[in-house]
Every structure is written in C-alpha cells, then in structure tokens.
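Here is a short report on selected side-chain and backbone features. Please keep the sequence and the coordinates at hand while reading.

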Amino acid sequence: SVDSTFTFTPALLGSYTGRWASDSRFLVTVTAATAAARAQPKLGVLTVRVRAEADMRNHLETSLASTAVSGALAGSWGLGTAGGGTVLSSPNSTVTVLEGGSVRLAFETRALVPDKVYQFRVVPSVGSADFGSRFSEWTAELRAELLAVTFTPPTHFHGTAFVECSIVDPNAADDETVDLLALSVAVVAVQDVPTVTAPAAVTVTAGAVTAVRDVAVWDDDDL
C-alpha cells in the first residue's frame, strides 16, 4: 500500500491507492470523491519520504534500505473527470514482441469532461511509439474509442520496456495531466548471426610468419 511504502508531509487526505507505473515512477491516485479528497496539501510544500520498513533498495539489492526524502513536489492534482475514476484503460494485460519487431497497443478512454479538448501523449522508455496525427488532439466525443499505438523497440534491444501514455489538458496551467497509464512490454531476444569484420586483403611472404590484425567477431545481442 501507499502508506506502508511512503510517508507524505503534510499527510494526504481522503482515500487513495498507489502502484508502480514503471521501475522508477510510483503513481498515487486519489479515489474518494469527497471534499477532503479535493483539498490535498499544496504542491510546492508537500514532500515524501521512503519508509525504512519498505526495505526499498536498488535493483541488484546491494544498497542499504532507502529512507530518502524528496524535495517539495511540483505538478498538479489534475482536473478530475466527468464521472470520476480512471480515464485511461487498456485491454492489453501481457504484451510481448520479438526483438526487431513492432507491436500495437490499445488504450481506451472514458469519463472525460464534455466539450473540452485533450491531448493524448505517448512516452516510451526506449525506442519509439507512434499513434498517428489523428489522435494528437481529440475531444470527449472520442472517449469510447480505442486508440492504437505502435511501439518499436531499438535495434538489438531485449528486456522490459515501458510505454507511458497520458491524457493532458493543453489549455490548463502546466499542461495538467488528467490520467496516466504505463504498459510493460517484454522484448524477447532473437538469436542473430554473429557479426564478423576482417581486412579485405592481407599480403604475406612465403615462409614468413604474418600477423593478421583487425579481425573481430561479436554478438550484437550479447547472448
């Protein structure tokens, strides 16, 4: 839970949930549609500390448990939605793509405030994500439509990648984020033919020992 991992000062109000949106980003969502939930501590003053009992370490687990304290948090609490709750969702629960390929991801929107113009933004942790100019701006009339995003990992990349999508109000101060969703993509390595480089020609003398240099063999995927 949020409270077993972090301590906010001043404390958050109302009901809220939290989840890891990526390896380094924790997303807190206020879920209670009450006056208290709308009167959260002022950003620019609010700080967060990692609780020692959370035993948060680096990914190799070689560091000491963190008790780090953030600086004052910036940003906004968002604009809310017409019906409350999550705006972005996805039918993609498990996404896998072969190295060197591409995969289409689907995002669905709902509960947007009518008569407002929003932007749909996509930020991949690696590689590229293309959703076409059609969805660079759209209104609440598209809220029931699936938005298709094509994710392409970098050449020879394999491992876990994240594609983070957000709905933004471009007319609000600081481009306030209405909702954010990050999908995990498993990029499976493909066994490529090793790369070999060598000189075009070597001149040798009969009966003599000649050193041949600049010959290299490597695996682009390090498999």
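In which loop does Glu61 lie? Glu61 sits in the loop between β4 and β5. The model is a predicted one.

**Backbone features**

Glu61 has a phi near 60°, a positive value in a residue other than glycine. Its relative accessibility is 64%, so Glu61 counts as exposed; the cut-off for that class is over 50%. Asp55 lies in the loop between β4 (47-50) and β5 (88-89). Its phi is near 55°, again positive and again in a residue other than glycine. Asp55 is partly exposed, with a relative accessible area of 42%.

A cis peptide bond runs from Thr9 to Pro10. Its omega is near -5°. Pro10 belongs to the loop between β1 and β2 (16-22).

**Salt bridges**

How many salt bridges does the structure hold? There are three salt bridges.

| Arg25 | Glu164 | 2.8 Å |

Take Arg25 and Glu164, whose side chains meet in a salt bridge. Arg25 lies in strand β3 and Glu164 in strand β12, so the pair ties together parts that are 139 residues apart in sequence. Strand β12 covers residues 159-168. What is the state of Glu164, buried or exposed? At 18% relative accessibility, Glu164 counts as buried, because the limit for that class is under 20%.

What else does Glu164 touch, leaving aside its neighbours within four places in sequence? Besides Arg25, the list holds Arg121, Val122, Val123, Leu180, Leu181 and Ala182.

Now the pair Arg51 and Glu53. Arg51 is partly exposed, with a relative accessible area of 24%. Glu53 counts as exposed, at 54% relative accessibility.

Asp55 is partly exposed at 42% relative accessible area. Arg57 is also partly exposed, at 38%.

**Thr5**

Thr5 lies in helix α1, which spans residues 2-5. Its relative accessibility is 14%, so Thr5 counts as buried. What does the side chain of Thr5 reach? It reaches the backbone oxygen of Ser1, at 3.1 Å. Leaving aside neighbours within four places in sequence, Thr5 is in contact with Arg49, Val50, Arg51, Ala54 and Met56.

**Aromatic pairs**

A pair of aromatic rings is described by the distance of the centres and the angle of the planes. The structure holds three aromatic pairs. One of them joins Phe6 and Phe26: 5.0 Å centre to centre, with 55° between the planes. This pair is tilted. The pair links distant parts of the chain, 20 residues apart. Phe6 is in strand β1 (residues 6-9) and Phe26 in strand β3 (residues 25-30).

Phe6 counts as buried, at 10% relative accessibility. Phe26 is partly exposed, with a relative accessible area of 21%. Why is the pair of Trp20 and Phe26 edge-to-face? The ring centres of Trp20 and Phe26 are 4.9 Å apart and the planes stand at 75°, so the pair is edge-to-face. The class calls for an angle over 60 degrees. Trp20 is partly exposed, at 44% relative accessibility. Together, Phe6, Trp20 and Phe26 form one aromatic cluster.

**A nonpolar patch**

Which residues make the nonpolar surface patch? Val202, Val204, Val212 and Val215 make the patch, with an area of about 340 Å². Val202 is found in the loop between β14 (195-197) and β15 (216-218). Val202 is partly exposed, with a relative accessible area of 42%.

Note on methods. Residues are numbered from 1 along each chain as its sequence is written. This is a predicted model: local features need pLDDT of at least 70, side-chain atom pairs count only at pLDDT 80 or more; totals for chains, interfaces and linings use all residues. Side-chain values use heavy atoms; hydrogens and water are left out. Helices (H or I, at least four residues) and strands (E, at least two) are DSSP runs, numbered from the N terminus. Buried means under 20% relative accessible area, exposed over 50%, partly exposed in between (1.4 Å probe, protein chains only). A polar contact is a pair of N or O atoms within 3.5 Å; within protein, one must be able to donate a hydrogen and the other to accept it, and residues adjacent in sequence count only if both atoms are side-chain atoms. Contact means heavy atoms within 4.5 Å. Rings of Phe, Tyr and Trp (its six-membered ring) pair if their centres lie within 6.5 Å; planes under 30 degrees apart count as stacked, over 60 as edge-to-face and the rest as tilted. Patches are made of residues with over 30% relative accessible area and no salt bridge: like charges are joined within 9 Å, nonpolar side chains (Val, Leu, Ile, Met, Phe, Trp, Tyr) within 5 Å. Accessible areas come from the Shrake-Rupley method with a 1.4 Å probe; for residues, only the protein chains shown count as cover. A salt bridge is a side-chain nitrogen of Lys or Arg within 4 Å of a carboxyl oxygen of Asp or Glu.
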